[in-house]
Amino acid sequence: LSGVSAFRPADILLQSGAPRHTCVDITVVSPILANMPVHFRPGAAASCAEENKYRKHFDACNTAGFFFTAFAVDTFGVLAPDAVAFLYRLARLLETSQGIPSYLAKQLVFRRVSFAVQLGVAR
């Protein structure tokens, strides 16, 4: 576990009734980089950032007894696949805990994240 302490804490630590908590690492990347391929593919930067986060943190979190989820989004607002899955999970929790209809919970969660990304890019 000595190598685990070299990493910074998770951006979000989800505490649940499950035996293991979930560490969520959030990253926002720009798809406009000098090292991007000539053929632009929407979502490629977010997917690449997600893969890098898993490569870097998954084993350390698992060794420490935590689940790990990467939440990657690019500055154009494209979410990586696991980020979308995470937002759906949050929406389901909102549905069950607050009694909000499914469509409204999803709308609320995605709009709030979209606004936060737009605000962060504007700063």
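At what angle do the axes of H2 and H3 cross, and within what distance do they come? In this predicted model, the two axes come within 8 Å and cross at roughly 130°. Local features here need pLDDT of at least 70 and side-chain atom pairs count only at pLDDT 80 or more, while totals for chains, interfaces and linings use all residues. Residues are numbered from 1 along each chain as its sequence is written, and side-chain values use heavy atoms, with hydrogens and water left out.

- Helices (H or I, at least four residues) and strands (E, at least two) are DSSP runs, numbered from the N terminus.
- Axes are lines fitted to C-alpha atoms, for helices over the stretch in contact, and angles run from 0 to 180 degrees between N-to-C directions.
- H2 and H3 are therefore oblique to each other; angles under 35 degrees count as roughly parallel, over 145 as roughly antiparallel, 65 to 115 as roughly perpendicular and the rest as oblique.
- From H2, the residues Val84, Leu87, Tyr88, Leu90, Ala91, Leu94 and Glu95 meet Ser102, Ala105, Lys106, Leu108, Val109, Phe110 and Val113 of H3; contact means heavy atoms within 4.5 Å.
- The residues of this contact of H2 with H3 comprise eleven nonpolar, one polar and two charged, where Ala, Val, Leu, Ile, Met, Phe, Trp, Tyr, Cys and Pro count as nonpolar, Asp, Glu, Lys and Arg as charged, and the others, Gly among them, as polar.

**Nonpolar cores**

- The largest nonpolar core has nine residues: Leu14, Val24, Phe71, Ala83, Phe86, Leu87, Ala91, Ala105 and Val109.
- Such a core is a set of buried Ala, Val, Leu, Ile, Met, Phe, Trp, Tyr and Cys residues joined through side-chain atoms within 4.5 Å.
- Not counting residues up to four places away in sequence, Val24 touches Ala10, Asp11, Ile12, Leu14, Thr69, Phe71 and Phe86.

- Threonine 27, in strand E2 (residues 22-29), is buried, with a relative accessible area of 14%; buried means under 20% relative accessible area, exposed over 50%, partly exposed in between (1.4 Å probe, protein chains only).
- Beyond its neighbours within four places in sequence, threonine 27 is in contact with Ala49, Lys53, Phe71, Ala72 and Val73.
- Alanine 44, in helix H1 (residues 44-64), is buried, with a relative accessible area of 14%.
- Alanine 44 and alanine 80 are 36 residues apart in sequence and 8.4 Å apart in space, C-alpha to C-alpha.
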